[in-house]
Amino acid sequence: MSQPISSRSSLAEALSGWPPPVLDPQGPLSNTVTTLAWVLIALVSLIFLLVCAAMWVALYGSDELRAKLGGERVVRWFGLIIPAGVLLLLLAWGLTVTRGLTAIQGDELRMRVAGNNYWWRVTYLDAAGREVLADANELHIPVGRPVVIDMVSEDVIHSFWVPKLGGKMDMIPGRTNRLKLQADKAGSYGGQCAEFCGGAHSLMGFVVVAHEAADWQRWLDARLQPLPTTPVSVEALRGKQLFSEVGCAACHRVAGTTAQGLSGPDLTFVGARRSLGAGILPNTRGTLVGWIGDSQSIKPNNRMPSYRSLPADELNALAAYMESLQ
Ligand SMILES: [Cu+2]
């Protein structure tokens with residue numbers, strides 16, 4: 001998918017919706033979670049006030065009042081029966097309203113997202129769970145249709161969180177957890193790893209881009225077309241050669257080429273991404289050059305070596321090749 005350069009040239013725009021606001025639900029599933037949160041907050045506040053009042057009575061109340069409220073009956077009711085009842089009711093209600101958050105109906109879009117230090121492997125699946133398309137750090141979804149995401153981890157525990165669209169789900173090595181998301185409005189929604197996973201954890205973001213249903217289908221169809229085999233410019237061609245010569249291909253996959261490395265993000269469509277480095281930089285020629293030349297300064301501890309010894313023209317050629325991949 002080609003985009004005008006301007007649409008990915010400013011960080012604010014690239015990462016619109018970031019940092020993700022926590023109490024601004026934009027879909028039915030996050031609505032449920034937010035309602036649950038507000039009811040709990042309201043109830044807890046009420047109980048807190050009651051406890052404060054009881055403490056006030058205990059400390060400053062008249063002897064008469066204290067005698068009245070200090071009996072065994074009061075303790076039995078307010079110390080045992082009412083708290084137990086309130087907790088049981090809340091548990092039952094919470095379980096009921098959140099059941100819909102994970103139930104599978106069958107018409108959902110299916111995806112798999114794998115947490116990695118410090119980026120996200122994104123796979124689109126068909127209804128039978130077969131892989132259709134590989135990408136990274138960005139999820140494109142249709143508006144108004146629930147998306148069921150299988151959450152896995154390829155190293156340590158991560159947590160996938162897009163507050164505006166749905167709940168938060170841990171990614172645990174050796175397990176598959178499920179999370180449902182749904183967006184009601186087109187737009188981009190920021191997400192963030194919500195479980196400390198190592199040095200660059202706070203720089204492990206991503207974007208969910210919600211398209212109108214027809215636009216999304218067009219987007220998917222375009223991505224499933226055979227890829228162009230010749231780079232768009234001489235510079236990009238030079239970059240393509242360098243990509244295998246200097247070893248990028250050992251870690252990165254570019255579909256339709258000999259680059260099939262899997263330990264880094266899939267770069268087949270990297271030129272179309274809104275951001276680089278898992279949601280931390282806008283995607284421009286300048287940031288591509290900066291990232292390839294010294295990603296360790298930009299995102300300390302990330303798993304890609306800095307290429308400080310490459311001359312500027314080679315960095316530029318590599319960046320041109322990256323830009324052409326879309
Ligand atoms: Cu993480």
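Predicted model: local features only at pLDDT ≥ 70, side-chain atom pairs only at ≥ 80, totals over all residues.
## A tour of the chain

For your selections, residues are numbered from 1 along each chain as its sequence is written.

Colour by secondary structure next, and you will find eight helices and twelve strands (DSSP runs numbered from the N terminus: helices are H or I of at least four residues, strands E of at least two). The radius of gyration, taken over C-alpha atoms, is 25 Å, well over the 20 Å that the globule rule gives for 326 residues, so the chain is more spread out than a compact globule; the rule is 2.2 Å times the number of residues to the power 0.38. Along its principal axes, the C-alpha trace spans about 90 × 45 × 40 Å.

Now select the open sheet of five strands, whose order is β3-β2-β1-β5-β8, with mixed pairing (two strands pair if DSSP finds at least two bridges between them). At the edges stand β3 (131–136) and β8 (177–181), each with a single partner strand, so one side of each is left without a neighbour in the sheet. From one strand to the next, the twist averages 25° (axes are lines fitted to C-alpha atoms, and angles run from 0 to 180 degrees between N-to-C directions).

Finally, select residues 109–116 and 147–153: these are β1 and β5, which pair in the parallel sense over seven bridges. Zoom in on Ala 114, which stands opposite Val 152 in β5.
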